[in-house]
Amino acid sequence: MNVHDHLTYAVVDLDAIAHNVRALKAHVGPDVEVMAVVKANAYGHGLLPVARTALESGATRLAIARVSEGIALRRAGVEAPALLLGYTLQSETEAIVAHNLTPTVTTLEGAAVLDRQAERYGRTVPIHVKVDTGMGRFGLFPEEVVPFVQELGRFSHLRLEGLFTHFAVSELPDKSYTLEQFDKYCRVLGELEAAGVSIPLRHVANSGAVLDLPQTHLDAVRPGIAMYGLRPNPDVAPPVDLRPALSLYTHVGRVRTLPPGSSVSYGRTFITERDTPVALIAIGYGDGYPRLLSNRASVLIRGRRAPIVGRVCMDHTVVDVTGIDGVQQDDLVVLIGEQGGERITAEELARHAETINYEITTGLLPRIPRIYVRGGEVVPG
Ligand SMILES: Cc1ncc(COP(=O)(O)O)c(C=O)c1O
């Protein structure tokens, strides 16, 4: 199938993912592992192709959020260590062990259930412990870690592999809170060492810290957004060349000129003041194109910007093509990406939709086919 056989689709440039992972790996150096964060369908880019590309390009580990993501990796033959960053149910323990996933353990009850399953499977399961140093979300408080780890010693089928924390604001230019968090984490490490416990894999850095805080790189880093070529902070130029991997396209469905006084779309939020040539395009909130973009964002047609008029609907949106010559049915429309030297970024859409670039790509729904491109060729996903 040709890319342009799809009405509405995303193109994921795997060369860009490979480039970004290689660049991040070069940035952290040979002694630091890259754990590619591929949760949430690789931030909307596609779990399997992204995971495979990252592993071919210097990542040695993966990070996921749900057991289902780990199962999908294993069923596809991806065998790299996969860390479950978040909370899991006790009822998911058997699947975790059966699929060789690495859980984050924060309760002794959870550890006991895991140890029993590990014994049943005749395995020793690597586990990570998370310490909450100021995110206020998940993980043990710093003072709970040493006693917890000492208690873990009684589970002979569990092996403490990693200790991690997560930063709340590492993307901001003011690094003071992040350094406070890092300091709390390092103090826990010191206490563990004093108690005779050494941690083989110490990891704390998300993209903001990977890019800007080399002292936090430790044994492994966990870049997510940067791997996709997007900036954790759109206002800060990263020290690494990052290439956005995802572009989003649709086509013009119909072009007409509306007379003055015509209302466009639900809610009649846009009324034409003059003869207005408009194009109907095949994207809507049913694709994950946010309704907050109504009357705010633009698209590219024939290399020119066309502003959205009226409300974004479930399947369609209308754009004003005034001043763009020759617009016709089936013309390619760029929603994210470049055309004729003009560019619309996920950050630009995020600003209009009052959100972050993360949510723009992650929010693209399954109805959007992802087309994978490598070396200029379409490749299987
Ligand atoms: C625990 C953890 N580590 C790393 C990441 C990656 O963060 P980023 O995409 O900002 O690099 C996330 C993402 O939410 C996370 O939850």
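The side chains of E94 and R120 meet in a salt bridge, with N and O 3.6 Å apart, where a salt bridge is a side-chain nitrogen of Lys or Arg within 4 Å of a carboxyl oxygen of Asp or Glu. This pair links distant parts of the chain, with E94 in helix α5 (residues 93–98) and R120 in helix α6 (residues 108–120), 26 residues apart; helices (H or I, at least four residues) and strands (E, at least two) are DSSP runs, numbered from the N terminus. E94 is partly exposed at 31% relative accessible area, whereas R120 is exposed at 59%; buried means under 20% relative accessible area, exposed over 50% and partly exposed in between, with a 1.4 Å probe and protein chains only.

The model is predicted, so that local features need pLDDT of at least 70 and side-chain atom pairs count only at pLDDT 80 or more, while totals for chains, interfaces and linings use all residues. Residues are numbered from 1 along each chain as its sequence is written, and side-chain values use heavy atoms, with hydrogens and water left out.

A search of the whole structure finds 18 salt bridges, including those in the table.

| Pair | N to O distance |
|---|---|
| E56 and R374 | 3.0 Å |
| E94 and R120 | 3.6 Å |
| R302 and D331 | 2.7 Å |

The side chains of E56 and R374 form one of these bridges. Because E56 lies in helix α3 and R374 in strand β18, the pair ties together parts that are 318 residues apart in sequence. E56 counts as exposed at 57% relative accessibility, and R374 as partly exposed at 27%.

R302 also forms a salt bridge with D331. R302 lies in the loop between β13 (298–301) and β14 (304–309) and D331 in the loop between β15 (317–320) and β16 (332–339), so the pair ties together parts 29 residues apart in sequence. R302 is partly exposed at 40% relative accessibility, whereas D331 is buried at 10%. Salt bridges that share partners also join D15, E56 and R374 into one network.

For E347, found in helix α10 (residues 346–352), the nearest side chain of opposite charge is R343, 6.3 Å away, with Lys and Arg counted as positive, Asp and Glu as negative, and His and the chain ends not counted. The side chain of E347 does make a polar contact of 2.7 Å with that of N357; such a contact is a pair of N or O atoms within 3.5 Å, where within protein one must be able to donate a hydrogen and the other to accept it, and residues adjacent in sequence count only if both atoms are side-chain atoms. D132, in the loop between β5 (125–130) and α7 (142–152), is buried with K130 as its nearest opposite charge, 7.4 Å away, and its side chain reaches the backbone nitrogen of R137 at 3.2 Å.

The protein is divided into domain 1 (14–228) and domain 2 (246–344), with bounds from an automatic or database domain assignment. Of the 118 residues in the largest nonpolar core, V38, L163, Y289 and I301 touch the most other members; such a core is a set of buried Ala, Val, Leu, Ile, Met, Phe, Trp, Tyr and Cys residues joined through side-chain atoms within 4.5 Å.
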